[in-house]
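Trainee: Could we go through this model together, one part at a time? I have not worked with it before.

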Amino acid sequence: MRRSLFYLLFFLLPLVLVAQHEQDSAWIREHYTKKELYIPMRDGVKLFTAVYLPKDASEKHPILMNRTPYSCSPYGEDQFRAFWMNHWKYYLRENYIIVIQDVRGRWMSEGQFEDVRPFNKNKKGNTDIDEASDTYDAIDWLVNNLPNNNAHVGVFGISYPGFYSTMAAASGHPALKAVSPQAPVTDWFMGDDFHHNGAFFQMDGFSFYSGFGKPRPQPTKIGPKGFDFKVRDNYKFYLEAGTLQQLADYMGDSIKFWKELYAHPNYDEWWQARNARVAMYDVKPAMLVVGGLFDAEDCYGAWNLYKAIEKQSPATNNKIVMGPWYHGQWASRDGSRLGNVRFGRNTAFDYQNNIEIPFFNYYLKGKGDDPALPEATIFFTGENSWKQLPQWPPQNMTPTALYLQANGNLSWNAGGSSNAYREYISDPAHPVPYTEDVHFGRTREYMTDDQRFAHRRPDVLTYVTAPLDEDLTLAGPLTADLRVSISTTDADFVVKLIDVFPDNFSYPGDAPQAGRTAGGSYPMGGYEQLVRGEIMRGRFRQSFEKPVAFKPGKTETVKFELPDVAHTFRKGHRLMIQVQSSWFPLADRNPQQFVNIYTAKPEDFKLSTIRIFEASSIVLPVVK
Amino acid sequence: MRIFIARLILLFLPFAGFAQSAPDTGWVRQNFTKSEVFITMRDGIKLFTVIYTPRESGKYPILMQRSPYSSRPYGADQYRQRLGPNTQLMKAGYIFVYQDVRGRYKSEGSFREMTPFIANKKSNKDVDESSDTYDTIEWLLANTPNNGRVGQYGISFPGFYSTASLPAAHPALKAVSPQAPMSDEFIGDDCYHNGAFFLLDNFSFYSGFDGPKAANGESYTPFFRARYSDAYQYFLKMGPLKNVNNEAFFRDSNSIWRQTVKNDTYNEFWQSRNIRQHLSNIKPAVLLVGGWFDAEDLFGALKTYAAIEKLSPGNNSRLVMGPWTHGAWSAPSWTSFGTYQFGTNLNQYYQDEIETPFFNYYLKDQGSFQLSEATVYETGSNQWKQYSTWPPAGSTPTPYYLQPAGGLGTGKPAANGGFSSYISDPAKPVPYTAVTSGGRNNEYMVEDQRFAARRPDVLVFETDTLSSDLTLTGEIVANLLVSMTGTDADFIVKLIDVWPDPSSLPATQQGQRPTQMGGYQQMVRAEVFRGKFRNSFSKPEPFVPNKIEKVNFKLNEVAHTFKKGHRVMIQVQSSWFPLVDRNPNKFGTIANMDEKDFQKNTIKLYHDSRNSSYISLPVMNQ
């Protein structure tokens with residue numbers, strides 16, 4: 001009954017919304033005033049806070065807060081943020097009090113900034129602060145000082161503001177009723193942003209920290225400049241830079257976090273303290289964790305924050321939403337495609353109107369029925385439909401191994417000679433690109449890009465099934481379970497799950513393309529769509545804290561998890577796995593020697609011959 | 001040669017010359033009458049010929065095209081939409097003639113690919129294209145209101161038929177313009193380059209060209225219609241060349257495809273078809289036209305001109321080379337290609353100032369024709385150059401030595417310079433383009449080569465940043481010293497212009513952003529050589545594993561300025577797929593080999609003081 005009601009809402013709400021007034025900039029100025037305040041924290045440090053207050057006094061209003069290191073600009077009480085350009089305008093239509101705060105030490109706030117400041121579960125006096133206590137102090141001040149507020153506070157944010165949302169949820173303030181961490185930065189060593197399984201995501205790290213990491217000794221409205229890239233080809237820039245030491249030289253000496261990152265090459269206590277999940281115990285507010293299946297930055301964080309709360313705080317009202325989105329796409333105007341791949345509907349619109357807004361309306365305004373969101377609202381690509389699930393992964397999911405055979409086939413059956421292997425040479429002078437073409441910034445589209453460019457390289461192994469004779473649905477995490485040997489003492493392993501489209505495939509309404517034309521659509525026949533890819537720095541195969549060298553020529557197991565997928569391989573498609581040992585310049589090159597990569601010299605980079613044995617498998621989350 | 005026709009149609013549809021918005025036969029109908037006749041050749045065979053005569057009475061020169069691609073439309077009241085090589089000539093007062101060559105479409109007789117010329121004809125049974133043209137001209141002179149002079153022109157295969165009319169030409173044939181003419185299909189045009197088989201082009205061409213002819217002669221049924229959106233995957237999956245003969249593909253053992261595959265050395269079959277050797281004592285004025293970015297017959301344009309220069313002292317022939325793809329000079333407009341922006345409509349200049357005056361002068365005594373010996377578009381500096389010889393005096397072959405660690409320069413490498421090596425794996429051939437496509441990517445000749453530079457099976461050698469402009473005009477010669485673990489290999493050498501970081505090109509349209517060119521590796525010229533022919537094209541020889549051997553070969557001429565701040569780059573690789581079929585890396589007849597014969601090959605390219613691989617570049621003196 002509830003389900004059909006939900007579907008009904010899907011269809012009705014868009015009509016209701018369209019009938020309303022558009023909340024443009026004039027409307028907002030007419031209905032809101034802006035105040036800029038300094039809110040004192042318990043240790044005396046004051047945080048700069050922009051507050052947008054509805055003029056309406058006919059009822060009390062909830063507070064929706066965003067805490068960010070990226071500035072609550074524009075500064076000046078007569079300068080309004082452009083809410084009319086995104087879905088926040090629907091909150092203004094509902095007369096929410098909107099609060100945007102510069103976190104401690106950033107932009108106009110006082111104090112010392114610390115990247116992903118570790119949660120302190122043993123705060124004692126007023127000098128023990130963290131982001132959770134700062135949020136507590138902010139909420140406390142706001143509910144006691146803002147006119148006409150209904151003492152119900154919600155916090156949300158995407159990416160780094162997602163991290164601050166996670167920390168808000170740990171604040172324990174009783175007025176905080178609902179929190180939505182979205183693509184939340186959660187663990188920068190295991191899977192978010194700057195490392196995946198210990199492999200350094202140098203391109204994201206360097207381009208981000210060269211600007212963001214610059215010291216901010218005093219509150220300011222002026223942001224830092226980033227690195228002046230003369231080379232507009234990221235593959236070339238990072239290959240010519242060569243070593244992480246060279247990148248450090250470019251970075252200069254002033255960027256604290258960069259130096260700290262280099263000083264902690266393994267998952268030691270320093271990193272473990274910075275895993276935001278350690279804060280997720282006894283979480284009181286309703287939680288709505290949101291993420292993108294194709295988020296190049298914090299896909300790991302979204303899935304794993306949700307799972308951590310499930311495990312560590314089982315009493316919490318905790319839900320997850322995952323759509324076919326790049327980083328933040330759910331907050332944009334179009335969720336119908338990413339790169340060449342199309343999803344058949346505007347999933348961003350679906351999410352905003354049917355999930356997020358009803359969630360906050362219910363918990364912060366007590367408005368309407370409990371939207372009774374299912375535990376997991378997940379968009380399944382391939383079949384392109386939303387599913388409402390009572391648990392994630394779904395109950396009828398069975399981890400099933402698919403074996404990498406030495407003849408290039410994939411088989412559900414183990415067996416065959418476990419001594420048979422395929423091999424390739426990984427040459428650090430010619431790393432496998434993470435996407436084709438030449439780009440300056442990291443593309444968002446690489447997460448669904450055509451992998452044929454990689455298929456054609458001699459340093460990529462490709463395994464493929466026959467065309468499927470029925471749909472195959474995967475829902476949950478993947479595990480790569482490789483039996484390998486290498487000729488050196490370390491190597492990286494990249495495993496990619498790929499959906500191969502039929503040779504005659506075209507999207508409805510498109511004529512089958514004979515070739516890529518300028519401004520035309522991409523030839524989709526035979527497209528090899530990346531569904532999920534992940535890298536593992538081989539030295540961490542036994543422990544992320546204590547890396548272990550490979551013995552050249554010795555067969556070893558490299559087992560690692562890839563972030564959850566929700567994808568249906570349609571009948572007639574093929575399932576493909578590619579294995580390679582570089583993913584450049586997304587991840588730094590492994591010198592393929594067991595040396596400290598952060599201090600490695602150019603001469604440390606060596607060729608490695610990599611063998612993948614037939615007993616290797618990928619364990620897939622198959623749904624029957 | 002082949003894909004020409006379809007492309008020509010696409011180029012002409014936006015026809016600038018007329019007030020009409022759609023192509024239309026109105027003007028031609030109004031101004032010409034059409035007749036269709038059979039002209040009998042000396043051996044009794046009749047050739048189908050279409051004649052468009054101006055309605056206004058007078059005596060006109062004849063301008064003729066002979067083609068294997070059909071003289072359609074057929075039917076006395078079916079008219080062509082346009083006539084002649086360009087709009088100006090169409091309106092200048094000519095009789096236009098289109099003829100189906102012997103054995104094609106409505107003409108009688110047997111078709112032979114690249115009909116060999118018979119130098120010593122003994123009887124009326126000895127026929128070739130020269131004699132067929134002669135006999136045709138004889139008949140036309142007697143049966144049309146003509147001024148006694150005939151011209152001929154054609155692009156691609158019709159270009160060959162133009163060249164083929166030159167030896168023993170009829171005295172009334174006064175002006176001939178072979179344009180992108182096929183000349184030698186083993187050495188450099190269409191089917192093979194230096195013995196390497198052009199798989200993609202041959203396959204798509206012969207699947208259509210050579211099928212059974214309809215009873216009325218007006219069409220051919222293709223052998224099959226292949227539809228694929230990823231040529232690389234399609235041809236890789238096809239496997240060894242012998243698989244093409246199976247049920248799905250070319251069943252007929254008499255087909256031209258089978259004939260082309262079977263003749264895989266420079267044997268008598270190909271030697272007899274090399275028209276260049278017969279270009280002595282040439283009487284007509286000749287205008288050779290070709291395109292720097294012609295993927296099919298760049299060789300033919302350049303080498304037909306060179307043959308006439310060598311064998312016919314006192315000839316009246318000239319060369320025009322522009323930044324065109326195959327046949328592009330005949331379109332209404334040509335202002336850009338790839339990332340090149342030419343700034344003006346080069347075709348207006350070519351058609352109005354070169355092609356039209358050429359025919360008007362030699363066929364009508366109208367105006368004058370003062371064109372230099374060679375009119376050549378210099379890319380990079382983007383300007384026309386006029387030379388009194390081709391290649392020009394003032395161009396010095398200068399060795400650029402491959403250096404260790406990817407350098408390139410005029411100094412010889414050191415004694416311990418060693419070698420660079422790569423593994424050529426036939427299962428993972430180097431693509432010829434980064435674009436996934438079902439047809440040949442026509443822009444591959446100017447494409448950014450960074451996709452190749454990033455592969456472990458491509459060697460890259462690069463100069464320092466140039467401190468001044470460097471202009472290359474003339475032929476390039478690769479001189480490689482190699483050894484390998486296999487017994488054969490292909491060598492592809494690519495000359496590349498590397499743009500500085502940062503650099504950009506202005507936007508061509510309003511609202512567009514400038515094109516980022518920093519680091520762009522713009523291909524300028526490239527060629528393949530099948531290594532087993534390094535000592536003789538007719539007698540291939542295996543490589544001895546691990547023995548250092550010379551592989552020397554020419555690349556087609558260039559006229560390009562590398563601007564100050566750019567770099568010169570050479571890339572070397574051993575596959576170029578599916579443009580060229582895969583070398584199994586094992587000596588033998590590739591058409592007989594199975595998949596298991598295709599093996600990996602570790603190839604070394606030497607660059608030390610004793611074994612100094614170099615590329616000879618034609619440096620223009622400043």
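Trainee: Into which domains is chain B divided?

Mentor: There are two entries for chain B: domain 1 covers 4-184 + 274-387, and domain 2 covers 395-620. These bounds come from an automatic or database domain assignment. Please note that this is a predicted model, in which local features need pLDDT of at least 70 and side-chain atom pairs count only at pLDDT 80 or more, while totals for chains, interfaces and linings use all residues. Residues are numbered from 1 along each chain as its sequence is written, and chains are lettered from A and ligands numbered from 1 in the order in which they are written.

Trainee: How far apart do the C-alpha centres of domain 1 and domain 2 of chain B lie?

Mentor: The C-alpha centres of these two domains of chain B are 35 Å apart. In the contact between them, domain 1 of chain B places 20 residues against 19 residues of domain 2 of chain B. Two residues are in contact if their C-beta atoms, placed from the backbone, lie within 7 Å.

Trainee: Which elements give two or more residues to the domain 1 side of chain B?

Mentor: They are α10 (298-311), β11 (336-337), β12 (340-341) and β13 (374-378) of chain B. Helices (H or I, at least four residues) and strands (E, at least two) are DSSP runs, numbered from the N terminus. That side of domain 1 of chain B holds 10 nonpolar, eight polar and two charged residues. Here Ala, Val, Leu, Ile, Met, Phe, Trp, Tyr, Cys and Pro count as nonpolar, Asp, Glu, Lys and Arg as charged, and the others, Gly among them, as polar.

Trainee: And chain A, how is it divided into domains?

Mentor: Domain 1 of chain A spans 2-187 + 274-389, and domain 2 of chain A spans 397-505 + 520-623. Their centres, taken over C-alpha atoms, are separated by 35 Å. Domain 1 of chain A brings 19 residues to the contact, and domain 2 of chain A brings 22. On the domain 1 side, α11 (299-312) and β13 (376-380) of chain A each supply at least two residues. By class, this side of domain 1 of chain A has 13 nonpolar, five polar and one charged residues.

Trainee: Changing topic: is helix α6 of chain B mostly covered or mostly open?

Mentor: Helix α6 (residues 199-209) of chain B is mostly covered, with eight of its 11 residues buried. Buried means 20 or more other C-beta atoms within 10 Å of the residue's own (12 or fewer is exposed, in between is partly exposed; C-beta atoms are placed from the backbone). Among the buried residues of α6(B) are Phe203(B), Tyr206(B) and Phe209(B). The buried residues of α6(B) pack against β8 (196-197), α7 (231-238) and α8 (256-262) of chain B.

Trainee: Where does Ser156(B) lie?

Mentor: Ser156(B) is in the loop between β5 (146-155) and α5 (157-163) of chain B. Ser156(B) is buried, because 29 other C-beta atoms lie within 10 Å. From Ser156(B) to Gly290(B) is 134 residues in sequence, yet 9.6 Å in space, C-alpha to C-alpha.
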